[in-house]
Amino acid sequence: MGVSVFLCFVFCFSSVRVLAQTSPVFACDVRTNPNLGSFGFCNTTLGIKDRVADLVKRLTLQEKIGFLVNAAGSVNRLGIPKYEWWSEALHGVSYYGHGTHFSSVVPGATSFPQVILTAASFNASLFEAIGRVVSTEARAMYNVGLAGLTYWSPNINILRDPRWGRGQETPGEDPLLSSKYGAGYVKGLQQSDDGNPNGLKVAACCKHYTAYDLENWKGTDRYHFNAVVTKQDLDDTFQPPFKSCVLDGNVASVMCSYNQVNGKPTCADPDLLAGVIRGEWKLNGYIVSDCDSVEKLYNSQHYTKTPEEAVAKSILAGLDLNCGSFLGHYTEAAVKGGLLVESDIDKAISNNFATLMRLGFFDGNPSKGPYGKLGPKDVCTQENQELAREAARQGMVLLKNMKGSLPLSPTTIKTLAVIGPNANVTKTMIGNYEGTPCKYTTPLQGLTASVATTYQLGCSNVACNSADIDNAKKIAASADATVLVMGVDQSIEKETLDRVDLLLPGQQPLLITEVAKVAKGPVILVIMSGGGFDITFAKSDSKVTSILWVGYPGEAGGAAIADVVFGYYNPSGRLPMTWYPQSYVDKVPMTNMKMRPDPANGYPGRTYRFYTGDTVYSFGDGLSYSTFNHQLVKPPKLVSFPLEEDHVCRSSDCKSIDAFEQRCQNSSFDIHMKVRNTGLMSGSHTVFLFSSPPSVHNSPQKHLINFEKVFLNGRGEAMVRFKVDVCKDLSVSDEVGSRKVALGEHVLHVGTLKHSLTIRI
């Protein structure tokens with residue numbers, strides 16, 4: 001979203017008191033206006049298509065244009081109130097966007113961890129559970145006039161580069177994890193409670209389509225950036241989460257991005273919008289622009305000569321709704337100038353109206369609907385707040401743990417030194433696209449609930465231009481253990497702000513090292529951040545006995561940190577992104593979109609799937625207080641792929657064959673594995689199934705094909721079963737973006753186990 005987000009922040013709070021006093025007005029409320037019952041679009045016994053057609057035919061051109069923008073106008077003669085499309089729910093109901101506000105009626109909503117930490121749980125059922133809670137709280141707020149029904153979340157862009165300021169909002173660098181997160185969270189938000197398969201609890205939106213992952217790096221900003229992307233990278237890295245969002249999640253909306261892809265603004269690209277989203281994937285919903293994207297493609301990118309042409313190209317490409325006012329200003333002139341016909345407008349607003357129909361927006365007062373009994377009592381419930389704490393616990397990643405360090409014993413630790421600029425923060429914990437939380441538990445508060453603490457800030461802020469090292473050392477030298485809560489906040493990484501390096505800011509490394517030197521007991525380094533850091537100095541320092549990454553852990557972050565530190569919870573999070581060394585950013589410009597390495601010029605590639613260099617920590621890294629082992633149970637060694645008798649590969653040597661639907665039927669097999677907790681402490685464990693395909697078509701060196709989170713008691717075991725679809729899971733994208741099944745040896749990885757599997761015709 002653009003600058004208007006931040007203006008809204010001020011507006012929302014300044015106007016909240018007034019808005020909260022206004023009784024909500026609902027479309028087609030025949031109880032207050034019986035005359036509305038004569039309108040077909042208010043008749044709930046008709047199908048959505050017929051209701052939409054009835055509404056569209058009643059509108060003038062000017063009224064229709066009013067429904068092309070996020071601040072949709074009212075039509076009093078038809079009993080249609082104003083509607084604000086722009087609401088956000090990235091990790092809880094947010095005050096970003098103009099559609100949602102907090103007041104004395106609902107002062108806050110449950111603030112879950114920032115997405116990157118939730119993704120680190122690798123728990124698909126958790127993704128959906130959070131979505132269900134968020135949609136319940138959103139509906140409760142809608143019923144009292146404080147929220148909308150359309151939420152422009154989740155952000156499922158791939159975390160391609162560790163410097164990206166918005167990486168915190170995403171599920172990380174892996175296409176499969178991002179796909180499962182997106183589809184799961186969307187289902188949680190959208191699936192109706194009344195069993196209506198076409199109904200929507202709220203409408204989600206997967207964004208930012210596509211290949212969007214740069215804010216403002218060394219003078220190149222998102223409004224002017226042309227992402228040059230190969231067909232291969234588009235198919236196997238950038239598009240899969242969006243495809244899954246539509247096909248598996250049945251998302252109600254996709255948002256096109258600010259950037260260009262290969263010279264075309266995404267919001268004006270008919271191949272990407274009408275061709276792929278609407279055509280190939282059959283989106284049941286609407287396509288919306290990022291805020292002011294259409295204005296940007298005209299004013300910043302100079303893609304068209306006139307604003308009317310920008311409007312026409314966007315609508316004809318498949319855009320249905322403009323976040324911003326650009327379509328409101330220039331669409332009528334585009335029609336009068338012959339660039340559009342009125343039926344083009346009808347098509348766009350029909351998609352918008354159909355979404356509102358599915359939400360029950362045109363069904364009158366929601367009190368009689370499936371969510372009519374929801375209200376303020378259903379927001380910030382104890383159960384919801386406990387889920388926020390549980391989500392934070394599940395995502396936290398233990399990166400280092402020397403013997404005798406974690407977990408700390410709350411009975412033997414008499415004094416705990418707590419140090420660092422993030423040790424007693426509140427708002428930092430909830431990241432961006434946040435809402436007002438139910439309450440906060442800071443790290444200091446969470447730790448102090450179990451043991452006596454002494455506290456020093458260490459640095460006045462995360463920039464840490466100067467550090468109060470002496471006082472920090474003093475309390476560490478006399479305490480039984482020391483917890484350093486370091487990292488960054490939105491002043492270092494956020495929307496519109498990319499990082500330029502991968503180092504902890506300012507004197508943070510010096511403070512950590514000096515405190516560790518004199519500390520009497522174990523030293524636990526807690527990193528609060530969205531992105532990864534080069535913390536090689538701490539990883540290799542024997543005096544830093546444990547390292548825990550906690551993302552931006554949400555409203556209950558401090559309690560969750562204490563749960564892990566004191567062993568009330570056995571950590572099970574795994575990194576959803578690679579932590580690169582600082583040397584990486586010297587070799588790789590953010591503007592280079594290529595995923596695959598290029599040995600000729602020393603380009604090392606991106607993400608664990610292609611990166612060939614050294615790492616500080618790798619994708620999937622994470623420790624537990626237990627140890628787990630895996631045993632494959634009779635895995636197949638050979639898979640024969642059916643092929644037509646006259647296929648060319650029967651008579652010539654082929655390295656791969658096309659993966660298309662007819663051929664792929666019945667091409668799956670099962671992988672069974674026994675997982676055992678060899679430790680005494682109960683805990684969850686994520687089982688990863690990776691595949692290394694044969695070296696054809698510049699295929700990934702390794703890619704995740706499935707994962708499962710299992711809970712095991714101490715000394716307990718469980719059987720995990722993965723169904724592997726050869727065409728879906730073991731195929732690769734060729735140089736022109738077509739899916740191929742590579743013939744030959746594929747190596748399956750589970751933990752330290754490797755199993756060779758041959759695919760042949």
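A disulfide requires the two sulfur atoms to be within 2.5 Å. C205 is buried, since its relative accessible area is 0%. The model discussed here is a predicted one.

## Cysteines that are bonded

Elsewhere, cysteines do pair, and the structure holds eight disulfides. One of them joins C256 to C267, with 2.0 Å from S to S. The link of C256 and C267 is right-handed, with 105 degrees about the S-S bond.

Another disulfide joins C664 to C727, with an S to S distance of 1.8 Å. The torsion about the S-S bond of C664 and C727 is about -85 degrees, and the disulfide is therefore left-handed. C664 is in helix α22 (residues 661–664) and C727 is in helix α23 (residues 726–729), so the pair ties together parts that are 63 residues apart in sequence. C664 counts as buried at 14% relative accessibility, and C727 is buried with a relative accessible area of 9%.

A disulfide also joins C459 to C464, and here the S to S distance is 1.9 Å. The link of C459 and C464 is left-handed, with -45 degrees about the S-S bond. C459 counts as buried at 2% relative accessibility, and C464 is buried with a relative accessible area of 0%.

## A largely enclosed helix

Helix α7 (residues 231–238) has eight residues, and six of them are buried, so the helix is largely enclosed by the rest of the structure. The buried residues in α7 are Q232, D233, L234, D236, T237 and F238.

What do the buried residues of α7 pack against? Their partners include the helices α6 (175–190), α8 (240–247) and α21 (607–610). The strands β24 (731–733) and β25 (739–742) are also among the elements they pack against.

## A strand covered on both faces

Strand β14 (residues 481–487) is mostly covered, and seven of its seven residues are buried. In a regular strand, side chains alternate between the two faces of the sheet. On one side of β14 are A481, V483, V485 and G487, and on the other are T482, L484 and M486; both faces are covered.

Which strands does β14 pair with? Strand β12 (residues 415–419) pairs with β14 in the parallel sense over four bridges. In that pairing, L484 of β14 is the bridge partner of I419. Strand β15 (residues 523–528) also runs parallel to β14, and six bridges join the two. Here the bridge partner of M486 is I527 in β15.

## Enclosed spaces

The count comes to three cavities of 30 Å³ or more. The largest cavity has a volume of about 90 Å³. It is lined by 15 residues, and those closest to its centre are L159, D161, P162, G532 and M577. By class, the lining of the largest cavity has five nonpolar, six polar and four charged residues.

Technical notes
Residues are numbered from 1 along each chain as its sequence is written. This is a predicted model: local features need pLDDT of at least 70, side-chain atom pairs count only at pLDDT 80 or more; totals for chains, interfaces and linings use all residues. Side-chain values use heavy atoms; hydrogens and water are left out. Buried means under 20% relative accessible area, exposed over 50%, partly exposed in between (1.4 Å probe, protein chains only). Contact means heavy atoms within 4.5 Å. On a 1 Å grid over the protein atoms alone, a cavity is a set of points where a 1.4 Å probe fits but cannot get out, and a pocket is an open set with protein on both sides within 12 Å along at least five of seven lines; lining residues have an atom within 4 Å of a point. Grid points are joined across faces, edges and corners, and a volume is the space filled by probe spheres set on the points. Ala, Val, Leu, Ile, Met, Phe, Trp, Tyr, Cys and Pro count as nonpolar, Asp, Glu, Lys and Arg as charged, and the others, Gly among them, as polar. Two strands pair if DSSP finds at least two bridges between them.
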